[in-house]
Structures are given as structure tokens and as C-alpha cells.
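Subject: Structure for you to look at

Hi,

Here is the structure I said I would pass on.

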Amino acid sequence: MRRREFIKYTTVTAAVAAFSPVVRVLAGENVKKYAHDMVMLGKTGIKASRLAIGTGTGGFNRQSNQTRKLGLPGLADLLRAAYEQGINFWDSADQYGTHPHLKEGLKGIPREKVVILTKTHATTAAEMKADLERFRKEIGTDYLDIVLLHMMTRGDWPLQRRGAMEVLAKARADGVIRAHGVSCHTLTALQAAAQSDWVQVDLARINSAGAQMDADVTTVVKVLQKMHQDGKAIVGMKVFGGGWLRDRPDENLKFILNLDCVDAFTIGLESRDEMLDLLQRIPAASVP
């Protein structure tokens with residue numbers, strides 16, 4: 001490529017990248033991304049696989065599709081199979097009832113090789129202290145990697161959950177957890193997370209169609225970009241719209257993989273075949 005053409009090309013691609021609110025333009029580079037890529041989660045110092053194995057599909061009342069269909073040994077086997085493929089990021093929650101399944105899955109795997117994210121509905125300091133103690137016993141670990149306040153809907157959640165937040169901050173200082181943050185289910189809650197210095201990790205609903213999201217795609221992406229620029233780790237969820245977009249997997253994988261503000265993403269898997277299919281689709285979808 002002649003020098004003048006090169007300058008013109010790079011100027012145009014840089015301009016497109018600067019003004020696109022949604023996708024990162026990869027300036028002509030065919031860069032493949034893989035589920036097992038180790039990525040840095042914001043400024044937490046935590047590295048995890050790009051794909052997290054979700055364990056809470058249809059999760060409520062301490063059960064989920066994974067616990068109902070696979071049971072303890074089945075889900076543990078799936079987690080270990082994922083680990084063997086380089087997927088070391090496991091997404092759990094008290095609401096899903098999958099802590100014992102993670103404990104079983106950890107057997108034979110060095111604890112420090114797995115990144116465990118879990119979530120709590122604790123509001124007060126006392127509830128949070130009790131949850132941290134119980135969660136560690138249920139999972140069979142001395143520490144937790146990431147603990148999130150689960151499903152924030154109110155814009156004033158930092159005030160309402162102050163007690164729990166203070167306990168998590170101390171737990172991080174004491175080495176009981178490595179990072180803390182929130183999962184959000186309204187735009188006002190997401191905006192509050194963006195403004196909070198306490199939030200280190202945000203689990204955000206994001207997909208190409210705006211299905212089951214906090215607002216339209218452009219609005220949500222702008223908030224996530226601001227959070228990411230501020231050093232917060234962004235983990236995407238509802239990549240397939242809670243199941244509504246499962247007939248468009250490649251389109252939604254391409255979307256999430258090319259976002260400039262998402263470090264990793266979680267997808268709830270219910271079988272080894274689903275996992276292997278996804279591992280093949282991700283690199284194919286990552287090339288613009």
C-alpha cells in the first residue's frame with residue numbers, strides 16, 4: 001500500500017472508530033477471539049477467560065435449569081469440561097443454588113486456577129457478613145473472586161445497600177474477596193453504578209436487539225463505555241436475550257465480541273454439546 005493510501009485508510013478507520021457508539025473497528029486486522037482467551041477484568045487485577053459459564057438459566061428460589069436438568073454431578077462435570085477447554089470463569093449466585101455444584105466442580109482443580117463470581121441479595125452489614133461466611137462454606141473455598149450485589153433496580157441502591165457495601169469493601173481489604181460490584185436491571189440502577197467509585201465489576205444486560213435490557217442498545221452502550229473508561233470491569237449477560245435470541249447466535253456473538261467496552265461475557269449452558277458448539281462459534285464470529 002502506498003504511503004498516501006495508507007494515511008488516508010488509517011485516518012478513515014480512526015474516525016469511524018471514534019464516532020461509533022457500539023462497535024470497535026479493528027482497522028483491517030482479522031483478529032480472532034476465543035472463549036479461552038485470558039482477559040483482564042477492568043482494573044481489578046483479575047484475569048479470567050473471555051467466556052464465563054453461567055449456571056443460572058431460569059434461576060430463582062435457589063435452583064436453575066442447570067440444577068434441575070443436570071443435578072450436582074452433571075453440572076460439576078460440565079464445569080470441569082469447560083475448565084479443560086480453558087474456560088476458568090464460573091458464574092454463580094445464591095439465587096441459583098449452584099454453590100454446591102461449584103464445590104464439586106473444583107475437586108481436582110487448583111482453586112487459584114478458577115475465577116468464581118457469585119451474587120448476593122444481602123442488604124445490611126449483618127446479612128452480608130453471614131452470606132460471605134456461608135458462601136465460602138458452600139463452595140469450599142477460603143476466598144471468593146468476585147461478589148456482586150444482585151439485581152439492582154433502584155437508582156438509590158448505593159444508599160440502600162451501604163451496609164453490605166462496607167462489608168464487601170472490608171472483605172476485599174482483608175483478602176476474603178478480590179473484587180466487588182453489582183448486577184443491574186434498570187437504567188437508573190446502571191447509571192448509579194457508573195457514578196459509584198465503589199463498583200469495580202458490573203454485570204450488564206447487553207445484546208444486539210435490546211432484548212431484556214435496561215434501555216435501548218445505544219443508551220446502554222454509552223453508559224458501559226463510560227464505566228469501562230473509568231476502569232470498571234464490564235461482564236456482559238443476556239447475550240442471547242434470556243433465550244429470545246438463541247436463533248441468532250452468530251449475530252449476537254459478533255456484536256458482543258466487537259464491543260469496545262465489554263471485557264468478558266457469561267452464557268448459561270446446559271450441556272457439553274452446547275459448550276462445544278459455542279467454542280467453535282466464538283472465533284468465527286469475532287472476525288469483522
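Let's start with two helices: α7 and α8 (residues 217–229) pack at an angle of about 20°, and their axes lie 9 Å apart. (Axes are lines fitted to C-alpha atoms, for helices over the stretch in contact, with angles from 0 to 180 degrees between N-to-C directions.) That makes α7 roughly parallel to α8, a label for angles under 35 degrees. Bear in mind that this is a predicted model, where local features need pLDDT of at least 70 and side-chain atom pairs count only at pLDDT 80 or more, while totals for chains, interfaces and linings use all residues. Residues are numbered from 1 along each chain as its sequence is written, and side-chain values use heavy atoms, leaving out hydrogens and water.

Which residues meet there? From α7 come Leu 187, Leu 190, Gln 191, Ala 193 and Ala 194, and they meet Thr 219, Val 220, Val 223, Leu 224 and Met 227 of α8 (contact means heavy atoms within 4.5 Å). By type, the residues of this contact are 8 nonpolar, 2 polar and no charged.

Now the sheet: 8 strands form a closed barrel in the order β3-β4-β5-β6-β7-β8-β9-β10, paired in parallel (a pair needs at least two DSSP bridges; helices, H or I, have at least four residues and strands, E, at least two). On average, neighbouring strands are turned by 25° against each other, direction ignored. Helix α7 (residues 187–195) packs on this sheet and touches β6 (144–152), β7 (177–184) and β8, its direction making about 150° with that of β7.

Strands β8 (residues 201–205) and β9 (residues 233–237) are joined by 5 parallel bridges, and Ala 204 sits opposite Gly 236 in β9.

Cheers

Definitions and conventions:
Parallel < 35°, antiparallel > 145°, perpendicular 65-115°, else oblique. Nonpolar A, V, L, I, M, F, W, Y, C, P; charged D, E, K, R; others polar.
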